[in-house]
Amino acid sequence: MLSAVQTLTSEAVFLDRDGVIIENCDNYVRTWSDVEILPGALDALAKLADSHYKVFIVTNQQCVGKGIISEENATNINERLIDIIHDHGGRVDFAQICPHLSAERCECRKPEPGMLLKAANKFDVDLSQSWMIGDAVTDVQAGIAAGTQPLFLQTGRGHTQQKLLQQNDLADTPVFANLSAAVDYLLAE
Ligand SMILES: [Mg+2]
């Protein structure tokens with residue numbers, strides 16, 4: 001029997017962008033020519049699209065706050081990437097950019113969970129049944145702060161960030177070679 005009040009709740013996979021879907025650039029992704037999609041990432045996103053999970057991109061882009069690129073350009077790069085993801089059978093339900101400087105102490109720049117909480121609110125997401133995938137300790141921290149289960153990738157900054165997991169009491173975070181391996185893991189859970 002249906003209850004009188006039905007709660008429609010979705011589950012989500014939150015994805016960092018740089019170092020997870022595309023190569024990380026030490027001097028920021030400034031133009032479309034800096035975008036290099038990581039091997040297997042599009043196939044992994046296509047697999048995710050066939051699942052019940054909402055798919056969100058949450059990316060810190062301090063380069064906007066520094067005036068290196070405009071917020072419009074940062075958004076355009078995201079949109080162009082999302083078009084390619086869609087062309088390969090993937091899906092991105094909502095993408096957010098934090099344009100702020102770390103010194104601004106905003107609520108959205110990871111490790112703060114603001115972008116995740118905003119998407120969760122907008123899409124009625126059960127965060128305890130959701131995942132955050134990133135290549136930096138700050139992604140893991142944002143994922144935990146939002147109440148999701150974090151997964152860490154060795155792609156992008158992952159090679160250098162992995163040793164910081166232990167220093168930040170995050171050594172129990174599952175670590176994967178790339179997005180494809182992490183998606184296979186969460187879809188099997
Ligand atoms: Mg990253």
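Modeller: Let us begin with a pair of helices: Ala41, Asp43, Ala44, Lys47 and Leu48 in α1 meet Leu179, Ser180, Val183 and Leu187 in α7. Please bear in mind that the model is predicted.

Colleague: What makes these residues of α1 and α7 count as meeting?

Modeller: Two residues are in contact if their C-beta atoms lie within 7 Å. The residues named in α1 and α7 meet in that sense.

Colleague: Why are α1 and α7 called roughly parallel?

Modeller: The axes of α1 (residues 41-49) and α7 (residues 179-188) cross at roughly 20°. Angles under 35 degrees count as roughly parallel, and therefore α1 and α7 are described in that way. Their axes come within 8 Å, and the crossing of α1 past α7 is left-handed.

Colleague: How are the strands arranged, and which of them stand at the edges?

Modeller: The 6 strands form an open sheet in the order β3-β2-β1-β4-β5-β6, with parallel pairing. The edges are β3 (94-98) and β6 (175-176); each has a single partner strand, so one side of each is left without a neighbour in the sheet.

Colleague: How do you know that β1 is paired with β4?

Modeller: Two strands pair if there are at least two bridges between them. Strand β1 (residues 12-15) and strand β4 (residues 131-134) are joined by 3 bridges and run parallel. Within this pair, Leu15 has Ile133 of β4 as its bridge partner. Helix α4 (residues 114-123) packs on the sheet, where it touches β1, β2 (54-60), β3 and β4, and its direction makes about 150° with that of β3.

Colleague: Which way do the residues of β1 point, and are they buried or exposed?

Modeller: Ala12 and Phe14 point one way from β1, while Val13 and Leu15 point the other way; all are buried. In a regular strand the side chains alternate between the two faces of the sheet. As for β5, 4 of its 5 residues are buried.

Colleague: Why does Leu127 count as buried?

Modeller: A residue is buried if 20 or more other C-beta atoms lie within 10 Å of its own. Leu127 has 21 such neighbours, and therefore counts as buried. Leu127 is found in the loop between α4 and β4. Leaving aside neighbours within four places in sequence, Leu127 is in contact with Ala120, Ala146, Gly147 and Thr148. The C-alpha atoms of Leu127 and Ser10 are separated by 8.8 Å, although these residues are 117 residues apart along the chain.

Colleague: How do you know that the radius of gyration agrees with that of a compact globule?

Modeller: For 189 residues, a compact globule would have a radius of gyration near 16 Å; the protein has 16 Å, so the value agrees. The C-alpha trace spans about 55 × 40 × 35 Å along its principal axes, and 41% of the 189 residues count as buried.

Key. Residues numbered from 1 in each chain as written. Predicted model: local features only at pLDDT ≥ 70, side-chain atom pairs only at ≥ 80, totals over all residues. Rg over C-alpha atoms; globule rule 2.2 N^0.38 Å. Buried ≥ 20, exposed ≤ 12 C-beta atoms within 10 Å, placed from the backbone. Helix = DSSP H or I, 4+ residues; strand = E, 2+ residues; numbered from the N terminus. Axes fitted to C-alpha atoms, helices over the stretch in contact; angles between N-to-C directions. Parallel < 35°, antiparallel > 145°, perpendicular 65-115°, else oblique. Left-handed = near helix turned anticlockwise from the far one by under 90°.
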